[in-house]
Amino acid sequence: SLNLLTSGQVTLESVEDTNANILLIDGLTTSEVTMAAAAVKVTDKVTNAQVDTLDGKTTGKVTVDILEDTFAEVSALDALNDSDVDISNAAITVTDAVSKANADTLNGFTDGLVTLKSVQDTRANVLAIDAIDDAQVVMSAAVVTVTDAVTQNEAAAIDILTTGKVT
């Protein structure tokens with residue numbers, strides 16, 4: 001719509017939309033519409049690879065609302081300069097198995113909710129993850145693998161922490 005209002009170039013300083021729509025904006029003829037230095041906020045679920053693509057479209061900061069990827073990929077995004085990519089308020093879902101130490105690290109990346117799809121650690125550490133405030137980290141549907149010996153009662157106690165499979 002903005003492009004139709006002028007015969008000159010439209011320069012966007014800020015873009016907030018879904019990943020697909022932001023890519024459509026970037027695909028417009030640059031002499032007509034540019035977002036080369038725009039601050040970008042992506043509002044739907046994205047992966048590290050999608051954020052990297054968006055980051056390559058602008059010299060401005062890319063802010064992520066919802067991130068879903070492996071622990072390594074989320075960590076790689078957090079390691080970027082905050083002027084490039086910001087996940088500090090993102091809701092983060094981690095798709096691979098994480099330990100208590102990983103859960104603590106992820107919790108430090110964001111003020112948003114961290115959802116764990118899979119947990120693998122000792123019984124004590126699984127219980128410690130569950131003890132983290134549910135406004136910060138949840139594992140209620142996670143697949144849980146306990147790496148040390150447990151009794152039947154201890155296994156049953158872990159089983160009630162998740163709707164996922166417990167091994």
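Contact here means that heavy atoms lie within 4.5 Å. In this predicted model, aspartate 55 touches Gly60, Val62, Asp84 and Val85 in that sense, once residues up to four places away in sequence are set aside. The protein as a whole contains six helices and ten strands, and its radius of gyration of 20 Å is well over the 15 Å that the globule rule gives for 167 residues, so the protein is more spread out than a compact globule.

**Overall form**

- Taken along the principal axes, the box filled by the C-alpha atoms of the protein comes to roughly 75 × 25 × 20 Å.
- Of the 167 residues in the protein, 37% are buried.

- Helix α1 covers residues 19-26 and helix α2 covers residues 48-55, and their axes come within 11 Å of one another while crossing at roughly 25 degrees.
- Because angles under 35 degrees count as roughly parallel, α1 and α2 are therefore roughly parallel to each other.
- The crossing of α1 and α2 is left-handed, and the residues that make the contact are Asn19, Ile22 and Leu23 on the α1 side, together with Gln50, Thr53 and Leu54 on the α2 side.
- Sorted by class, the residues in the contact of α1 with α2 comprise three nonpolar and three polar ones, with no charged residues.

**Aspartate 55**

- Aspartate 55 is placed in helix α2, and its contacts beyond four places in sequence include Asp84 and Val85.
- Between aspartate 55 and valine 119 there are 64 residues of separation in sequence, and the C-alpha to C-alpha separation in space is 30 Å.

**Threonine 93**

- Threonine 93 belongs to strand β7, which runs over residues 91-98.
- Which residues does threonine 93 contact when its neighbours within four places in sequence are left aside? The partners of threonine 93 are then Leu67, Glu68, Asp69, Thr115 and Lys117.
- Is threonine 93 buried or exposed? Since buried means under 20% relative accessible area, threonine 93, with a relative accessibility of 15%, counts as buried.

Conventions. Residues are numbered from 1 along each chain as its sequence is written. This is a predicted model: local features need pLDDT of at least 70, side-chain atom pairs count only at pLDDT 80 or more; totals for chains, interfaces and linings use all residues. Side-chain values use heavy atoms; hydrogens and water are left out. Axes are lines fitted to C-alpha atoms, for helices over the stretch in contact, and angles run from 0 to 180 degrees between N-to-C directions. Helices (H or I, at least four residues) and strands (E, at least two) are DSSP runs, numbered from the N terminus. Angles under 35 degrees count as roughly parallel, over 145 as roughly antiparallel, 65 to 115 as roughly perpendicular and the rest as oblique. A crossing is left-handed if the near helix is turned anticlockwise from the far one by less than a right angle, and right-handed if clockwise. Ala, Val, Leu, Ile, Met, Phe, Trp, Tyr, Cys and Pro count as nonpolar, Asp, Glu, Lys and Arg as charged, and the others, Gly among them, as polar. The radius of gyration is taken over C-alpha atoms; the globule rule is 2.2 Å times the number of residues to the power 0.38. Buried means under 20% relative accessible area, exposed over 50%, partly exposed in between (1.4 Å probe, protein chains only).
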